Amino acid sequence: MVWFIIILSISFSLLLYGLKYAGRNSKKTQRQSIGGGNSEPGYCPLCGVKLMKGEQLKSALFPEVTGSNHRICHIFGCPSCYPRGEFSEERRCPVCKKKVPADGYLIGRMFFREGGAKHVHIVGCTECHKK
């Protein structure tokens with residue numbers, strides 16, 4: 001009877017260890033797939049809410065300056081945080097970590113890569129990136 005309990009406890013321990021290790025791999029794979037490609041939704045850089053399929057950020061893209069390889073863009077937020085008043089999500093700047101006011105926005109540079117891919121580099125908000 002003692003051997004049965006020992007074998008059962010070892011089997012149970014191995015099962016728990018395997019489930020814990022398998023959970024780590026699935027989380028790593030899930031993290032890598034977020035925001036990758038046009039089919040995967042990403043996160044709002046202001047409030048951190050995961051975008052549902054079909055939801056888009058409200059933004060403005062300005063014309064390209066002669067001699068540069070990027071365009072300036074203003075990111076106002078997602079449907080959860082912009083326009084203010086729909087939901088009460090707190091909007092924070094990913095650069096300075098300060099609260100972005102209701103009429104504030106993020107300032108970024110949009111680069112166009114080969115194959116039509118876009119890359120946005122956020123340089124600050126209306127509070128920390130004043131000129």
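Predicted model: local features only at pLDDT ≥ 70, side-chain atom pairs only at ≥ 80, totals over all residues.

Me: Thanks! What does the secondary structure of the protein come to?

Reply: There is one helix, along with four strands. Starting at the N terminus, the order is α-β-β-β-β.

Me: And how many of the 131 residues are buried?

Reply: The buried share is 20% of the 131 residues. As for the accessible surface, the total is about 9,900 Å², and carbon and sulfur atoms account for 58% of that.

Me: Which residues make the nonpolar surface patch?

Reply: That patch is formed by V2, W3, I6, I7, I10 and L14, and covers about 670 Å². One of these, I6, sits in helix α1, which spans residues 2–33.

Me: Why does I6 count as partly exposed?

Reply: Its relative accessibility is 35%, and partly exposed covers the range between under 20% for buried and over 50% for exposed.

Me: Switching topic: how many aromatic pairs are there in the whole structure?

Reply: The search turns up two. In one, F76 and Y105 have ring centres 5.4 Å apart and planes at 65°, so they pair edge-to-face.

Me: Where in the chain are F76 and Y105?

Reply: F76 belongs to strand β2 (residues 70–77), whereas Y105 lies in the loop between β2 and β3 (106–112). They are 29 residues apart, so this pair links distant parts of the chain.

Me: Which residues do the ring pairs link into a cluster?

Reply: The cluster consists of F76, Y82 and Y105.

Note on methods: Residues numbered from 1 in each chain as written. Heavy atoms only, no water. Patch = residues over 30% accessible without salt bridge, like charges linked within 9 Å, V, L, I, M, F, W, Y side chains within 5 Å. Areas by Shrake-Rupley, 256 points an atom, 1.4 Å probe, with all protein chains shown as cover. Salt bridge = Lys/Arg side-chain N within 4 Å of Asp/Glu carboxyl O. Helix = DSSP H or I, 4+ residues; strand = E, 2+ residues; numbered from the N terminus. Buried < 20%, exposed > 50% of the residue type's maximum accessible area, 1.4 Å probe, protein only. Phe/Tyr/Trp six-rings, centres within 6.5 Å; stacked < 30°, edge-to-face > 60°.
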